[in-house]
Amino acid sequence: MNAQFLNELTELLGKENVKTTQAQLLAYSYDATANFQALPDVVVSPRHTEDVVAIVKLCDRYEMPIVPRGSGTNLAAGTCPTQGGLVMLFNHMNQILELDADNLTLTVQPGVITQTIHEYVESKGLFYPPDPSSMKISTIGGNVNENSGGLRGLKYGVTKDYVLGLTVVLPSGEVLTCGGKLAKDVAGYDLKAMLVGSEGTLGIITEIVLKLIPKPVAQKTAIAHFDSLDAAAETVSQIIAAKIIPATLEFLDNGTIQAVEEFMHLGLPLDLQAFLLMEQDGEEAQVERDVAQMIEIAKENGAIFTAIAESEAEAMKLKTGRRVALSALARKRPTTILEDATVPRSELATMVRAIEQIARDYRVQISTFGHAGDGNLHPTCLTDVRNAEEMERVEQAFEAIFDASLKLGGTLTGEHGVGEMKSPYLAWRLGEEGMFVMRAIKQSIDPKNIMNPNKIFAKSQKLRVVIHHGE
């Protein structure tokens, strides 16, 4: 750490907003991604956009890396300061700035907790749909940086679909304002869309304008149990074919069901092969029809048990069972690695079977849950980072999972982002042409590479090889 840099930083922010002790640095040396950890040089807490401008200009002058960080729930090492530098927190920039009921917008700072947004707008009869599983602790700034999804993504879309405007501090320290409260705006390149999901590699987001919609008047939750993975997958396909777009259509495999039952004691049979959580919202008559039809489709496909929640408390209990899937699995072994492969929903059963075969091939323990309605699966490996030989097999297994997903017309990540963990594989998805365009954008905006360096863009890429499983 350059002493002069630290002195100038402290003068800018005040000593209370600059953290440098070993304990403080250690606390921000990792995120929720297993096997990634590195100490930053300093941790700072700006109070407004002007502070961020001053910090960025200082870092530009000293060529100091900057890592923006929300609550650290990132699952791709996107907020791990692997190149050292300055970690920027937004604990002071956590205010809801304006609710504009006329334009159905909410303007917020990046440090606002996602669930706080939900509760605030719903108390006003409005609705912000994106609901990542980490919403109780994740921040809206982190959601925007990662373009986070959630259980309601099938019907309502993901974070990018609700970001109308951004205020962003560029690597030069200049302030860019893009978008706004407009329902339509096609003036020039869509810079807002480029910045959403850019993982802090192009600038620091300091203000966000979110789109709101009216709160649905009714909501109903149902479940279906299956003794066949194919039957559950066929149920998903037939629900969509019946022109029903549920608010939520979630999937748990047998390993996840067992872990959730041990954790929550919901009364789930431990020999279940698949569990579907189905939810619809909207006008009451439409909700009643859709839920009844989804239950009927499940029964026609061999569901061995179905039920509709009779109260909001019962519905919340069922949804909580899905939301705690990761926590339930994480109790099983010392290290949990949650991945994020997405395939066309018609390939759901094929992908789950491929994951099961890959787990057998590489002798690793993998359970799968996820968003069945949009084909976004979360294969979760239970392992031990202290076992180097096993971790090598885990990495090989995930390479095989990425390969299988791409062969089925899928992608490497549906909602977790690339970060550093998946950066070696990005060229598998984008090709060299796509990587060239992305690098050109990054270099033109951030020529000194100070904005979250080594994220998204790998120093070296993994060579993709043809992998055959189960032969």
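1. In this predicted model, valine 43 belongs to strand β2, which covers residues 42-44. With a relative accessibility of 0%, valine 43 counts as buried, the cut-off being under 20%.

2. Which residues surround valine 43 once its neighbours within four places in sequence are set aside? Valine 43 is then in contact with Asn17, Val18, Lys19, Leu25, Tyr28, Val87 and Leu89. A further spatial relation concerns arginine 69: its C-alpha lies 10.0 Å from that of valine 43, at a separation of 26 residues in sequence.

3. Helix α1 (residues 3-13) packs with helix α3 (residues 49-62) at an angle of about 170°, and their axes are 10 Å apart. The two helices, α1 and α3, are therefore roughly antiparallel to each other, as the term applies to angles over 145 degrees.

4. On the α1 side, the contact is formed by Gln4, Phe5, Glu8, Leu9, Leu12 and Leu13. These meet Asp51, Ala54, Ile55, Leu58, Cys59, Arg61 and Tyr62 of α3. By class, the residues of this contact comprise 9 nonpolar, 1 polar and 3 charged.

5. The largest nonpolar core holds 55 residues, and the members that touch the most others are Phe226, Phe251, Leu276, Met278, Met351, Val364 and Ile401. At least two residues of this core come from each of β12 (218-226), α8 (229-241), β13 (248-253), β14 (274-282), α10 (284-300), α13 (348-362), β19 (376-383) and α14 (388-407). In soluble globular proteins, nonpolar side chains tend to be buried together.

6. Leucine 276 may be examined individually. Not counting residues up to four places away in sequence, leucine 276 touches Ala222, Ile223, Ala224, Phe226, Ala232, Thr235, Val236, Glu250, Phe251 and Ala372. A second, separate core has 24 residues, including Val108, Cys178, Val196 and Ile205.

7. How many helices and strands does the chain contain? There are 15 helices and 19 strands. The radius of gyration is 22 Å, close to the 23 Å given by the globule rule for 471 residues, so the chain is as compact as a globular protein of that length. Along its principal axes, the C-alpha trace spans about 70 × 60 × 40 Å.

8. Of the 471 residues in the chain, 56% are buried. Among contacts between residues at least 6 apart in sequence, 73% join residues at least 24 apart.

Methods. Residues are numbered from 1 along each chain as its sequence is written. This is a predicted model: local features need pLDDT of at least 70, side-chain atom pairs count only at pLDDT 80 or more; totals for chains, interfaces and linings use all residues. Side-chain values use heavy atoms; hydrogens and water are left out. Axes are lines fitted to C-alpha atoms, for helices over the stretch in contact, and angles run from 0 to 180 degrees between N-to-C directions. Helices (H or I, at least four residues) and strands (E, at least two) are DSSP runs, numbered from the N terminus. Angles under 35 degrees count as roughly parallel, over 145 as roughly antiparallel, 65 to 115 as roughly perpendicular and the rest as oblique. Contact means heavy atoms within 4.5 Å. Ala, Val, Leu, Ile, Met, Phe, Trp, Tyr, Cys and Pro count as nonpolar, Asp, Glu, Lys and Arg as charged, and the others, Gly among them, as polar. A nonpolar core is a set of buried Ala, Val, Leu, Ile, Met, Phe, Trp, Tyr and Cys residues joined through side-chain atoms within 4.5 Å. Buried means under 20% relative accessible area, exposed over 50%, partly exposed in between (1.4 Å probe, protein chains only). The radius of gyration is taken over C-alpha atoms; the globule rule is 2.2 Å times the number of residues to the power 0.38.
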